[in-house]
Amino acid sequence: MTTTLETRRETGSGPLSARFDEAFAYASRHHRQQLRKGARVPYVSHLMSVSALVLEHGGSEDQAIAALLHDAVEDAPAGQGPAVLQEIRTRFGDTVAAIVEACSDGLDDEGNRSGTWPERKRPYVAGLRDPRKKPDEALLVTAADKIHNGRCIAADLRTYGPAFWGTFNACAHELLWYYASVDAAIAARLPGTTVADALHRAVDELVAAAGADRAAIGEALPACACRDGISR
């Protein structure tokens, strides 16, 4: 990938339109009652951060809007996922809806979410390697999502120690596998991009905060001994 000051001047979405304002308001309403795991921090802070990362790494307005909405279908009340996805398609277009759908895990053909954590994450990671399942436009949003979450988890581990893993629906071994696997898939699909580099650094930070060895994290989802005590 060529990186010059000239290409930098040509990178980015340009001024945002009223569609972005509408998407921001939609995301705020949709996630208003949600908080970050184990905290009183409004969940919309994550959506804002992911959208900002998408824009900072040269994403389009459609990608920035999808970043604001990337959890809307996953977090919809049971049975309402298809309606939420259709509403996103109607209000923000097919491209945004396709990115949101690609960034969601565990969705059936109708858009309903189901399955345990491993049942959702295995096919999601596999799909990241297949352009037919996850379009290139969605990978920037996925990477930005994992950059922000990875950095936040690393910071919380440094602050609160290993007990922080208990706030998740997966154990430390599973989560480290997941982030390392997403990192590998993004690196393969978006080699040499700034967002792939940023994701790699974020995962390195997470692995270090966990006191783990990246080389020891395998390609297969580990069988976690604490899985019986995890509901999702």
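Where is the place of Q63? Hi everyone, let's start there. Q63 sits in helix α4, which covers residues 61-69. Please keep in mind that we are looking at a predicted model.

So, is Q63 buried or exposed? Q63 is buried, and its relative accessible area is 11%. A polar atom of the Q63 side chain lies 2.8 Å from the backbone nitrogen of S60. Looking beyond the neighbours within four places in sequence, you will find Q63 in contact with V54, I99, E137, L140 and V141.

Now to the nonpolar core. In soluble globular proteins, nonpolar side chains tend to be buried together. Here, the largest nonpolar core has 68 residues. Which residues have the most contacts inside it? They are L69, I88 and W165. Let me stay with L69 for a moment. Again leaving aside the neighbours within four places in sequence, L69 is in contact with A23, Y26, A27, I88, F92, V96 and V100. Please remember two names from that list, Y26 and F92, as they bring us to the aromatic rings.

How many aromatic pairs does a search of the whole structure find? The search finds eight. One of the ring pairs is Y26 with F92: their centres are 5.9 Å apart and their planes are at 75°, so this pair is edge-to-face. Y26 belongs to helix α2 (residues 18-30) and F92 to helix α5 (residues 81-92), so the pair ties together parts that are 66 residues apart in sequence. Both Y26 and F92 are buried.

Compare that with W177 and Y178. The centres of these two rings are 6.5 Å apart, with the planes at 35°, so this pair is tilted. W177 is buried, at a relative accessible area of 4%, and Y178 is buried too, at 5%.

My last stop is helix α9, residues 172-189. This helix has 18 residues and reaches 26 Å from its first C-alpha to its last, close to the 26 Å expected at 1.5 Å a residue. Why can we call α9 largely enclosed by the rest of the structure? Because 14 of its 18 residues are buried, and buried here means under 20% relative accessible area.

Methods. Residues are numbered from 1 along each chain as its sequence is written. This is a predicted model: local features need pLDDT of at least 70, side-chain atom pairs count only at pLDDT 80 or more; totals for chains, interfaces and linings use all residues. Side-chain values use heavy atoms; hydrogens and water are left out. A nonpolar core is a set of buried Ala, Val, Leu, Ile, Met, Phe, Trp, Tyr and Cys residues joined through side-chain atoms within 4.5 Å. Buried means under 20% relative accessible area, exposed over 50%, partly exposed in between (1.4 Å probe, protein chains only). Contact means heavy atoms within 4.5 Å. Helices (H or I, at least four residues) and strands (E, at least two) are DSSP runs, numbered from the N terminus. The expected span of a helix is 1.5 Å times one less than its number of residues. Rings of Phe, Tyr and Trp (its six-membered ring) pair if their centres lie within 6.5 Å; planes under 30 degrees apart count as stacked, over 60 as edge-to-face and the rest as tilted. A polar contact is a pair of N or O atoms within 3.5 Å; within protein, one must be able to donate a hydrogen and the other to accept it, and residues adjacent in sequence count only if both atoms are side-chain atoms.
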